[in-house]
Every structure is written in C-alpha cells, then in structure tokens.
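Reader: I am new to this structure. Please take me through some of the terms used for it, one at a time.

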Amino acid sequence: MAQLGAQSGAQSRPGNGRKTRIVMKFGGTSVANIERINAVAARVKREVDAGHEVAVVVSAMSGHTNQLVAWCSEISPMHDAREYDTVVASGEQVTAGLTAIALQTLGVNARSWLGWQMPMLTNDAHGKARIMSIDAEGFEKRFAQGQVAVVAGFQGIGPDNRITTLGRGGSDTSAVALAAALKADRCDIFTDVDGVYTTDPRIVAKARKLDKVTYEEMLEMASLGAKVLQIRSVEMAMKHGVRVQVLSSFEDKPGTLVVNEDEIMEQELVSGIAYSRDEAKITLVAVPDRPGVAASIFGPLSDANINVDMIVQNVSEDGKNTDMTFTVSKGDFERAKQVLTGKQNSLNFRTLISDSNVVKVSVIGVGMRSHAGIAQRMFRALAEKGINIQVISTSEIKISVLVAEEYTELAVRALHTAYGLDAE
Ligand code: ASP
Ligand code: MG
C-alpha cells in the first residue's frame, strides 16, 4: 500500500521504457451533463490512443453536491457527519459510473472505482477527512491489462469502515493523491478556466495566463482566494513532487503547469497579484505595552476559532500604551468584536475601532526571495494612485497591503502594470 508521505518521486517514471502515466481529473462543469461526459470520454480516449496509461478522477455534476448538502441541512442543521458523507459522496458515484459507460461506448476498456474499492483510506474526520494511504496495487494490474480506472473523487473510507469525504473541492486532492500513489508523470486538472492567471482577468483585461507557476506561489494564490485548486491538493502536490497541470476541458490547449521551482528557467520577480475582499480590520486603542498583552488578546480569539491574519503593533511613545491592529475574515468580524469587547476590562484597552470596508492586495513571487526593492515598487505604485496603505505584512514570497475596498480595482491594475505583468 502506498503510504502517502513515505517518499516523493512522482517524476521518476518515464525513461526506462515505461509508458507515460497520467491522472486526468474532471471538475463539476466538465461532467455537468451527458454531453459533457461524452466529451470527457473522447478526451480520455485520445490519451489512451496515444499509448498512455490513464486514471480518471471525476467530481459530481456541477451543482449536485450543493443540492445534496442542502438536503441534509433541510432535514436537520445539526445532522450526523457520517450520514452527511454517505449522502454527499453519492454525486461522484454517479459520474464515475457514467464516465465508465461513456468510455466503454467508445470502445475503451474502463472500470469505475469508489473510495472503498481501492481502498483510499482516510482518517475519521467526517466531512473533511484526510487521506492516509491509497492501495495502488489493484490499479497496476488493471493498467497492465490496458484498462482505464475511473475513480470517484472526493470520497474515501475511514477507520470506522464508513464512507468519508475530503471537504468541498476535495476531488482535486483525490486526483493529486492518486497521482502520487501511482507515481504518475502528470496530474491534469480539467476545469472551466484555461489555467492560472497573473491576476483576476475580470479586473485586469491584460492579465496573462502563466505557463508555469511554483507550488509555493500556487499555495499563496489559493489561500488568497484564487479558487482554481483546493489548497490541500497543492500542499500534497508539493510534498510528493506531483506535476500538476490546470487546463480547460472546453478548449484544446495547454494550461498552466504547477511545478517545482527548479523547473522554471526564467523566474519572474512577481508572478501574480491577488486580492481578498474577505478582510475586516480591528484596532484596539491604547492597550498596555507589556509582556503577555498579545497573548491575552489573541488567545481568546483563537479559543473562539477566529483566525487572525495581518497584525501590527505600534511602538508606544511613552512606554505605557500602544495600539494593536489586526485583520480577521468578514465572517468572523462581529464575533471577534464581541469577544474583545467582552474582555475590555481585563485587556484594558481604551476603545475598539473597526472597519470592514477593506481589501487585502498581495503581490506574490518566489523571485522576491533573491531580489531587493520589490516592496518599494509596490508602495510607489500605490502612492502614485493616491492609495493609502493601512496595514502591511510580508512573507518570504509575498507582500500584502490592506487598503480601502473602493480601491481594489485601481490597486490591482496599478500593481499588475508596475511589475510588468500586463500582456502586450
Ligand atoms: N463534488 C465535491 C464538491 O463540490 C468535490 C469536488 O467537486 O471537488 O465539493
Ligand atoms: Mg473544484
């Protein structure tokens, strides 16, 4: 059984006369109806005819999982997580079977696989389970017979022998995990966009599709709200060295490769501009400037399961009081204010100021690790547009600023131009 996490080396396959092995994953819009499923089958057949070994992973028909989730909640908002999994995993069972039939109709030897049949073992966190291992042996035998495996994404089997699901968007993670277990040469993720862009094309008409992007950049982009891939699938690809390609199932052209840094010859300084409107800012005015204060502010927030993102603490002028500013997601905003106001006496701050009219704009690029002046260019570009920066935070490959929400488009466009990302 392939223990995920044991070793990396997904790229070790071709060369010694072995066939190229591809995992092809199709998202909800790609299997939305019978016509689309037939198109998927034709696309898969092309790879089979080219002499490749192919495993297919499918999502549920688009909208189907939402419907299943809604039905569970309609009966009871507090439903049993194990039964939720039994219900929501069913969408992928339908598309796996239908895709296998569509392939057979085209004369392709194909067989469906549900999570328990491989098996894909997960932990018992129903509704958001993690994959522990995949038994790739059964697949090897079938590959040798020239059979295409059609795998139901999103689902596995837990230690309690019950069906589990991997969290919304989880069939990306199913596909990458399978690619790792099978040591596939590539994991193609077919979706309704044709790749990863330098920024949101709805905001910047001159956004460019990236040919390649590194795992780390993709992780930052995914956590900043670019919803192309489930974050966990990118983490898993990075850990196991799975080469992932994001491409469209509606058009016939190469997409974006998500790969290791050393596969990218000419690394741009910045590869993308991301933004997230899901931010809200809270300032505690005049908190005591002494050891333990940060712990006493952020402890209760974390106890309430509230994630804090950007944090700034000012230097106190008199050595006594300082201001603490930080951001939380808009969904946690009201609760965060409640938690803190409830502790105003013990935290000893003067007032709480808040603003949910903000956006976080980030520039991302592994190139920034080795180059100076990247942040300066960002600040200058924003200044030239008269945009005031409220909070700044940086990581090794990312600089984020918080600005007023009405500047979202202006800021993203200005930065896209400033870093030379605009298409010709
Ligand atoms: N069908 C599941 C969902 O909608 C899994 C997936 O599509 O990745 O979340
Ligand atoms: Mg998806």
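Author: Start with a cut-off: buried means under 20% relative accessible area. Keep in mind that this is a predicted model.

Reader: Why is Glu47 called buried?

Author: Its relative accessibility is 12%. The cut-off is under 20%. Therefore Glu47 counts as buried.

Reader: Where is Glu47 placed?

Author: Glu47 is in helix H1, residues 34–49.

Reader: What makes the pair Glu47 and Arg43 a polar contact?

Author: The distance between their side chains is 3.1 Å. A polar contact needs a pair of N or O atoms within 3.5 Å. The pair of Glu47 and Arg43 therefore meets that distance limit.

Reader: Which residues does Glu47 touch, not counting those up to four places away in sequence?

Author: Glu47 touches Ile22, Met24, His52 and Val54. Touching here means heavy atoms within 4.5 Å.

Reader: On to helix H6. How do you know that H6 is largely enclosed by the rest of the structure?

Author: Count its buried residues. Eleven of the eleven residues of H6 (171–181) are buried, so the helix is largely enclosed. Among them are Ser171, Asp172, Val176 and Leu178. After H6 comes Lys183, with a positive phi near 50 degrees.

Reader: Which residues of helix H9 are buried?

Author: In H9 (residues 293–303) they are Val293, Ile297, Phe298, Pro300 and Leu301.

Reader: Why are the buried residues of H9 said to line one face?

Author: Look down the helix axis. The buried residues of H9 fall within an arc of 155 degrees, so they line one face.

Reader: What does the face of H9 turned away from the buried side carry?

Author: That face carries the exposed residues Ala295 and Asp303. Exposed means over 50%.

Reader: What covers the buried residues of H9?

Author: The cover includes strands E14 (272–288), E15 (308–313) and E16 (321–328). It also includes helices H10 (333–341) and H11 (344–347).

Reader: How many cavities of 30 Å³ or more does a search of the whole structure find?

Author: The search finds one. The volume of the largest cavity is about 40 Å³. Helix H8 (residues 231–240) gives the largest share of its lining, three residues.

Reader: What makes up the lining of the largest cavity, by class?

Author: Eight residues are nonpolar, one is polar and none is charged. The lining includes Val176, Tyr215, Ser233 and Val258.

Key:
Residues are numbered from 1 along each chain as its sequence is written. Chains are lettered from A and ligands numbered from 1 in the order in which they are written. This is a predicted model: local features need pLDDT of at least 70, side-chain atom pairs count only at pLDDT 80 or more; totals for chains, interfaces and linings use all residues. Side-chain values use heavy atoms; hydrogens and water are left out. Helices (H or I, at least four residues) and strands (E, at least two) are DSSP runs, numbered from the N terminus. Buried means under 20% relative accessible area, exposed over 50%, partly exposed in between (1.4 Å probe, protein chains only). A polar contact is a pair of N or O atoms within 3.5 Å; within protein, one must be able to donate a hydrogen and the other to accept it, and residues adjacent in sequence count only if both atoms are side-chain atoms. The arc is that of the directions from the helix axis to the C-beta atoms. On a 1 Å grid over the protein atoms alone, a cavity is a set of points where a 1.4 Å probe fits but cannot get out, and a pocket is an open set with protein on both sides within 12 Å along at least five of seven lines; lining residues have an atom within 4 Å of a point. Grid points are joined across faces, edges and corners, and a volume is the space filled by probe spheres set on the points. Ala, Val, Leu, Ile, Met, Phe, Trp, Tyr, Cys and Pro count as nonpolar, Asp, Glu, Lys and Arg as charged, and the others, Gly among them, as polar.
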